[in-house]
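Subject: Two-chain model for your review

Dear colleague,

I am passing on the structure below, and I would be grateful if you could look through it before we talk. My notes on what was found follow directly after it.

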Amino acid sequence: MTQIAHHIPDEMLAAYAAGRLPATFEMVVAAHVSMCDACRAALETHETLGGALMEEAPGEAVDGSLLERTLAMLDEAPAPHAASRGAPKRFGIYPGPVAEALKHAPPRWRAAGGGVKQQILVEDGKSSVRLLYIPGGMAVPDHGHHGTELTMVLQGAFHDETGRFGPGDVEVADESLEHTPIADEGMDCICLAATDARLRFLSLLPRLAQPFLRI
Amino acid sequence: MSAEQDQELTEQTSWMLAVRDQRDRQAFARLFAFYAPRVKGVLMRSGMGSAAAEDVVQDVMLAVWHKAAQFDPARAQVSGWIYRIARNRQVDIARKAGRPLPEEVETETPPEADPGALMALAEESGKLRQALAKLKPEQREVITRAYLGDLTHGEIREQTGLPLGTIKSRIRLGLERLRHELKDLRSE
């Protein structure tokens with residue numbers, strides 16, 4: 001495994017542990033934690049703290065028959081939801097939670113202009129989670145951001161004004177960052193990108209293309 | 001587990017291991033009596049009604065039974081493990097496509113006993129609780145709301161000036177330990 005240099009901010013890990021992270025960013029956190037032992041450890045530490053607080057907080061009495069009803073269900077097969085389902089499995093370069101969103105099939109890329117391809121995984125109002133395919137050496141147009149955008153590299157690498165990002169690395173961009181990510185020469189770059197607002201492109205042509213790109 | 005190690009375990013850990021290793025229903029009932037009201041309390045703090053919260057409590061306790069083989073007392077306290085299961089279920093209900101979860105680290109089920117790491121975690125958790133107990137009430141309230149209630153990002157940002165150094169150093173220590181542990185797991 002290559003060395004991961006750019007991590008999920010600790011505040012976001014705490015928010016994921018506590019269930020108060022915006023839905024858009026949950027997949028990036030889950031994907032990064034799947035690849036990064038340091039962030040997994042940090043997440044489990046936040047859960048330890050959450051558990052300690054839960055243990056000491058005053059509880060709410062439960063219905064007297066709930067235990068009996070639960071005991072009666074112990075021998076039934078577990079219901080298929082997140083509390084009981086197994087952890088997701090990796091598919092090729094796609095970490096478990098992304099593989100699950102892809103239903104364990106390769107992405108169905110759609111051209112997004114300039115040789116860039118994408119597949120939208122989740123879209124909800126002004127938030128989206130998508131996969132981006134950037135051919136080696138290609139630049140993604142200059143853009144700023146409304147709100148926050150997380151970009152995690154799954155294959156290849158890109159660099160911009162802030163640094164270089166390889167597999168597992170996460171770039172956190174907010175409204176203060178206007179950048180031009182360029183995929184490294186060689187291997188094409190595949191990223192998982194989550195944004196909580198439409199990107200604001202700086203030059204006119206890409207802005208016209210924005211409705212088609214849906215980014 | 002030898003009798004000697006047994007003495008060092010909290011009641012909750014002993015119950016959980018009895019559920020995991022002996023499928024002990026009486027131990028499960030004890031876990032239920034201890035955690036069900038606490039999980040319900042957390043869910044209701046986050047805005048759930050009593051009946052909906054009890055449905056989730058039942059899902060969570062059933063998951064505790066079914067996933068018991070994955071419980072590793074050297075890596076998680078019972079409370080933290082159940083806290084995670086409860087959050088996953090609660091968020092899962094709120095999301096149309098379910099909650100994206102991380103992959104698990106491949107381990108044996110049940111995980112191999114590691115008394116040294118178990119003791120270290122127990123000791124650290126004890127210190128974490130002591131640190132929590134020493135907080136001023138308003139600091140304690142912020143932390144509690146961040147992990148048990150629905151404190152927004154903005155509110156947390158406003159509160160970051162609070163002197164929570166002790167808590168943070170505990171978290172860092174925990175991080176360090178867990179990181180080494182995970183590295184060991186990976187290299188096995």
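Into which domains is chain A divided? Chain A has domain 1 (10-101) and domain 2 (110-213), with bounds that come from an automatic or database domain assignment.

Before the details, two points on conventions. This is a predicted model, in which local features need pLDDT of at least 70 and side-chain atom pairs count only at pLDDT 80 or more, whereas totals for chains, interfaces and linings use all residues. Residues are numbered from 1 along each chain as its sequence is written, while chains are lettered from A and ligands numbered from 1 in the order in which they are written.

Confidence

The model scores ipTM 0.87 and pTM 0.85. In terms of pLDDT, the predictor's confidence in each residue from 0 to 100, chain A averages 85, with 86% of the residues scoring at least 70, and chain B has a mean of 79, with 75% of its residues reaching 70 or more. Within chain A, confidence is lowest in helix α6 (residues 204-213), at a mean of 42, and highest in α4(A), at 97; helices here are DSSP runs (H or I, at least four residues), as are strands (E, at least two), numbered from the N terminus. Over residues 199-215 of chain A the pLDDT is below 50, and this stretch has 25 contacts in the model beyond near neighbours in sequence, two residues being in contact if their C-beta atoms, placed from the backbone, lie within 7 Å. In chain B, the lowest mean pLDDT among the elements belongs to helix α8 (residues 153-159), at 44, and the highest to helix α3 (residues 25-45), at 97. Where pLDDT is low, the predicted coordinates should not be read in detail.

Between the domains of chain A

Contacts link 13 residues of domain 1 of chain A with 14 residues of domain 2 of chain A. On the domain 1 side, α2 (23-35) and α5 (96-101) of chain A are the elements that give two or more residues, and α2(A) gives the most, with seven residues. By class, that side of domain 1 has 11 nonpolar, two polar and no charged residues, where Ala, Val, Leu, Ile, Met, Phe, Trp, Tyr, Cys and Pro count as nonpolar, Asp, Glu, Lys and Arg as charged, and the others, Gly among them, as polar.

Between the chains

The contact takes 54 residues from chain A and 64 residues from chain B. The largest share of the chain A side, 16 residues, comes from α3(A), and by class that side has 31 nonpolar, 11 polar and 12 charged residues.

The axes of α3(A) and helix α6 (residues 115-133) of chain B come within 11 Å and cross at roughly 60°, the axes being lines fitted to C-alpha atoms, for helices over the stretch in contact, with angles from 0 to 180 degrees between N-to-C directions. In this pairing, T48(A), L49(A) and A52(A) of α3(A) meet S125(B), L128(B), R129(B) and L132(B) of α6(B), and the residues of this contact divide into four nonpolar, two polar and one charged.

Backbone details

A cis peptide bond, with omega about -10°, joins T109(B) and P110(B), and P110(B) is placed in the loop between α5 (78-94) and α6 of chain B. H104(A), a residue other than glycine, has a positive phi near 55°, and H104(A) lies in the loop between α5 and β1 (110-111) of chain A.

With best regards
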